[in-house]
Amino acid sequence: MTISKRRILILSCISVLLAIPFIAMQFSSEVQWSLFDFLVAGGLLLALGFSIDLVIRKSKTVNSKYLAITAIFILFLLVWAELAVGVFGTPLAGS
């Protein structure tokens, strides 16, 4: 089983992004992530990366690619904002 270069790139980018708060935790007491925080962030980033990869591979026209990627990214930002600070006050944020 071979893993494509694109998937390796996606996983590498996610690892780098998750390393940022991990390194910040070593130098500052203001960054306090639990294992659950890393798992949720990793899951969100995996869903974002692989769904964009799917759209790039399966969409036929450039316009449909841009529209789908924009929708996926907006959905990612809304979920992230809700989980981070509870913008909408749903039970997901612990409100």
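This passage describes the overall fold of the protein and then its largest pocket. The model is predicted, with local features needing pLDDT of at least 70 and side-chain atom pairs counting only at pLDDT 80 or more, while totals for chains, interfaces and linings use all residues. Residues are numbered from 1 along each chain as its sequence is written, and side-chain values use heavy atoms, leaving out hydrogens and water.

The protein contains three helices and zero strands (DSSP runs numbered from the N terminus: helices are H or I with at least four residues, strands are E with at least two). Its radius of gyration, 16 Å, is well over the 12 Å that the globule rule gives for 95 residues, so the protein is more spread out than a compact globule (the radius is taken over C-alpha atoms, and the rule is 2.2 Å times the number of residues to the power 0.38). Along the principal axes, the C-alpha trace spans about 45 × 35 × 20 Å. Of the 95 residues, 19% are buried, meaning under 20% relative accessible area with a 1.4 Å probe and protein chains only.

Now to the pocket. A pocket is an open set of points on a 1 Å grid over the protein atoms alone, where a 1.4 Å probe fits and protein lies on both sides within 12 Å along at least five of seven lines; lining residues have an atom within 4 Å of a point. Fifteen residues line the largest pocket, and Trp33, Asp37, Ala41, Leu44 and Trp80 lie nearest its centre. Helices α1 (5-27), α2 (35-58) and α3 (62-85) each supply at least two lining residues, with α2 giving the most, six.

Methods. Buried < 20%, exposed > 50% of the residue type's maximum accessible area, 1.4 Å probe, protein only.
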